[in-house]
Amino acid sequence: MSIADNLSRVQERIANAAIRSGRSPESVELVGVTKTVDIQRIELAVAAGLKILGENYVQEARDKIAQLGDRVSWHFVGRLQTNKAKHAVKLFDLIETVDSMKLAVELNRRAHSLGRVIPIFIQLNLADEVTKGGVKTADALALVRQISELAHLQIRGLMTMPPFFNQPERARPYFRQLRGLSQEIVAAGVAGVAMTEISMGMSGDFEVAVEEGATLVRVGTAIFGERP
Ligand SMILES: *Cc1c(COP(=O)(O)O)cnc(C)c1O
């Protein structure tokens, strides 16, 4: 199947999952994750209607962003080192993976010097996996409160990457947990925090994520094929 076919199949599956769970298909945005995907193949997806791209590495994203520019919106979805904050803030429209005050302070400082306010998501590490980034559930609300004080960052929601399972159903409890946490943070009423977005679900499990309330799903393989 072509990239355009893959994309429309993914869009259709998202729409069906939304409808199944009583939501409107427009309430879910698709982020095409393009790590290792070359610019020609990305162009095909953009021509076929993909509007948001997710990149994991600042360096790799730089050339792609230079070529595609603002025809699409760019989300950073990888692990961000503090020393890359400066470039990330320049290049990306939204940073999905903020998980510490140290990183937030640096992003805020860099955003301030560019005169920008950067929308961010707080990344959760729900299963406390050592190999993954993200704040622990127990520390999430405190981090949201602290970051909400930073004038150049705007918290829009939460993001997670649950443990990998072959059966998508096994990810469901994690997706449900993230939505629950989002509701708790809303209930806590932190000033300046919107908490309207929930970024969860990848190629293997995005339909389950939509059923559990995802407002963004991040899909690579199902659109672009297996990565090398
Ligand atoms: C690579 C990646 C994805 C996409 O994974 P696929 O299984 O290829 O859909 C989504 N989110 C993050 C954070 C990723 O690093």
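A polar contact is a pair of N or O atoms within 3.5 Å. The model is predicted: local features need pLDDT of at least 70, side-chain atom pairs count only at pLDDT 80 or more, and totals for chains, interfaces and linings use all residues. Residues are numbered from 1 along each chain as its sequence is written, and side-chain values use heavy atoms, without hydrogens and water.

**Ligand contacts**
- A side-chain N or O atom of Asn56 lies 2.7 Å from a ligand oxygen atom.
- Gly220 uses a backbone N or O atom, 2.8 Å from an oxygen atom of the ligand.
- The protein buries 91% of the 390 Å² that the ligand exposes when taken alone (Shrake-Rupley method, 1.4 Å probe).

**Ligand shell**

**Aromatic pairs**
- The whole structure has two aromatic pairs (ring centres within 6.5 Å).
- Phe76 and Phe92 are edge-to-face, because their planes stand at 75 degrees, with centres 5.2 Å apart (edge-to-face means over 60 degrees).

Key
Polar contact = N/O pair within 3.5 Å; in protein donor to acceptor, adjacent residues only side chain to side chain. Phe/Tyr/Trp six-rings, centres within 6.5 Å; stacked < 30°, edge-to-face > 60°.
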